Amino acid sequence: MIDGNTILIAHLGYPTTTFKAPLIYNPYFESIGVNAVVMPMAVEADVYPEVLAALFRLKNIRGALVTMPHKVTTTGLVDELSTAASIAGSCNAVLLRPDGTLRGDMFDGEGFVRGVLRKGRQVAGARALVVGSGGVGAAIAASLAGAGAAALGLFDLNSAAVEGLARRLRAHYPALALELGTRDPEGYDIVVNATPLGMNEGDPLPMDVSRIAPESFVGEVVLKSEVTPFLAAARARGCQTQIGTDMLFEQIPAYLEFFGFPTTTPDNLRAVAQISY
């Protein structure tokens, strides 16, 4: 029940048709008796800066979840960035602090890595390929580096995005081996699709799946379907996989702490979530 005391968390992006977070947060808030709501708000890129500024003039807003296509833009619209957001060059959470300033953070990468570790796989010392160097891909690369990956392969159709991410990674992790401009998954222990490919019917696969070793761990960020064509192809190769919503469930406890709400476990969130495909 939404009333005059409800705390608002805006969920900002465009389009909103694939949003899954409200189907996790809102049942959880209801289950623990917290009067808060995550509200999808479809905001196109050209008006996003003014909309964000206006939203945070509301007196009942606590923060915002930020998704495509606004994660990178948001880094220039807040007063302070976390280390993770600075390295990623993107931001998927904004907190309104008591003094009126905005703090931006990034949890995509942490969520992805937590999911890998929960499935019993090693990140420390691993070689990982991240295809897609936008907001989510850069965040995953940053968190893989922070978790001790020995080498990262980075690919994006936008070469400037790859070079910028590599520059930030080298500044914080000078010992990290980087291979730029390739999406050949051969020789990698962890392979990640961090592109939007798979959101639309008929999308090509993000890489040549036949070159992924059966022993490799394959992750996906697309949320539109549980098992995307990319993951289906990887599973056919014998690979252990991680679906897009695993990353979402794993990062939500960190989000809850960031926003000052009671935190929980991914298993508890799954028990109350109302996600369907």
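Predicted model: local features only at pLDDT ≥ 70, side-chain atom pairs only at ≥ 80, totals over all residues.
Two strands count as paired here if DSSP finds at least two bridges between them.

**Strand β1 and its partners**

- Strand β1 spans residues 7-13, and because six of its seven residues are buried, it is largely enclosed by the rest of the structure.
- The pairing of β1 with strand β3, which covers residues 61-66, is parallel and rests on five bridges; within this pair, L8 stands opposite I61 in β3.
- β1 is also joined to strand β2, residues 36-42, by seven bridges, and these two strands run parallel; A10 has M39 in β2 as its bridge partner.

**Strand β6 and its partners**

- Strand β4, residues 80-81, runs parallel to strand β6, residues 102-105, and two bridges join them; here E80 is the residue that stands opposite R103 in β6.
- Strand β5, residues 93-96, pairs with β6 in the antiparallel sense over four bridges, and among the residues involved, L96 has L102 in β6 as its bridge partner.
- β5 and β6 together form a hairpin in which five residues lie between the two strands, and G100, located in the turn, has a positive phi of about 90 degrees.

**A general point for reading the strands**

- In a regular strand, side chains alternate between the two faces of the sheet.

How values were computed: Residues numbered from 1 in each chain as written. Heavy atoms only, no water. Buried < 20%, exposed > 50% of the residue type's maximum accessible area, 1.4 Å probe, protein only.
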